[in-house]
Amino acid sequence: MLTILKYAWLIILLVVIVVLVARTIRIVPQSYAYVVERIGAYNRTCNVGLHIMIPMVDHVANRVSLKEQVMDFAPQPVITKDNVTMQIDTVVYFQITDPKLFTYGVVRPLNAIENLTATTLRNIIGDLELDETLTSRDIINSRMRSILDEATDPWGIKIHRVEVKNIIPPRDIQEAMEKQMRAERERREAILQAEGKKTAAILTAEGKKESMILEATAEKEAAIARAEGEAEALRLVYEAQAKGIEYINGAAPQQAYVTLEGYKALEKVAEGEATKILIPSDLQNIASAVTSVVEIAKDPK
């Protein structure tokens, strides 16, 4: 019996020692910090590593994560300057920089951030009209981040970013906006079609203009070429005639040849449309210059 009691006390003693060692040695993991109280008062902040505590005296009051955290708040009803009620939800990115202030600065700090975000958002939107609210997200984000960061500084919290996630206007406002956007799209489409028709008409006119210019240039060049060809042909004919006369003069033709050529010339003249023909009286002696006039009235030719 005594042996059993002895072993029981030994087991109880070992359990007590294990518990005391467990409560004496604390290991703080990465990105965490422990706020330690001694006899109910703040004593120190334990960062990453091994820490020794006095059992029954030291107590870990809060385990704080030093990572950046994200809080997505539910949509909040806000009223714009022109009395339009809408729902806006926000996302806040923050990080705890001072575990002591975070533990003792405010009760339920995350709930405090949510309420502060809602009131700040209402104040900012209350100074903006509906159109400004829908187009000024960057301004709203920057103003909220500045105000929240300044307000949460005594709580040991650093606000990195504040983003407006959704802006949900009333249904009638949404329908009016959809009609406005549809009208704007139709107006842009009409403008684009008109510009396209205008561009097509301009290009067609320019094409006709260039075609007419090219045709006129081609006709001009063709006329010049024809004139040059005719001039060249006349020149060759005259050169041929001059050479023929030169050859005839060089051959010293007889009077019979001259008379024969005169008959040929007279035959050509008679074939024309003239109503009067002057015929020399003596074709054998053309150089005499005695001319008789014969009128042929019967034949209109």
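User: Of the 301 residues of the chain, what percentage count as buried?

Analyst: Buried means under 20% relative accessible area, exposed means over 50%, and partly exposed lies in between (1.4 Å probe, protein chains only). Here 21% of the 301 residues count as buried. This is a predicted model: local features need pLDDT of at least 70, side-chain atom pairs count only at pLDDT 80 or more, and totals for chains, interfaces and linings use all residues. Residues are numbered from 1 along each chain as its sequence is written, and side-chain values use heavy atoms, with hydrogens and water left out.

User: How many helices and strands does the chain have?

Analyst: Helices (H or I, at least four residues) and strands (E, at least two) are DSSP runs, numbered from the N terminus. The chain has seven helices and 11 strands.

User: Is N141 buried or exposed?

Analyst: N141 counts as buried because its relative accessibility is 10%. Its place is helix α5, residues 137–152. Contact means heavy atoms within 4.5 Å. Beyond neighbours within four places in sequence, N141 touches V162, E163 and V164.

User: How do I read a salt bridge?

Analyst: Side chains of opposite charge can pair when their charged atoms come close. The rule asks for a side-chain nitrogen of Lys or Arg within 4 Å of a carboxyl oxygen of Asp or Glu. The count comes to nine salt bridges.

User: Which parts do D72 and K165 tie together?

Analyst: Their side chains meet in a salt bridge, 2.8 Å from N to O. D72 lies in strand β6 (residues 68–72) and K165 in strand β9 (residues 157–168), so the pair ties together parts 93 residues apart in sequence. D72 is partly exposed at 46% relative accessibility, and K165 is partly exposed at 41%.

User: Where do R187 and E184 lie?

Analyst: Both are in helix α6 (residues 171–251), three residues apart, about one turn of the helix.

User: Which residues form the nonpolar patch on the surface?

Analyst: Patches take residues with over 30% relative accessible area and no salt bridge; like charges are joined within 9 Å, nonpolar side chains (Val, Leu, Ile, Met, Phe, Trp, Tyr) within 5 Å. Areas come from the Shrake-Rupley method with a 1.4 Å probe; for residues, only the protein chains shown count as cover. The patch holds L13, L14, I17, V21, I25, I27, L50 and I52, with about 770 Å² of accessible area together. Two or more residues each come from α1 (2–24), β1 (25–28) and β4 (49–52). Helix α1 gives the largest share, four residues. L14 sits in helix α1 and counts as exposed, at 53% relative accessibility.
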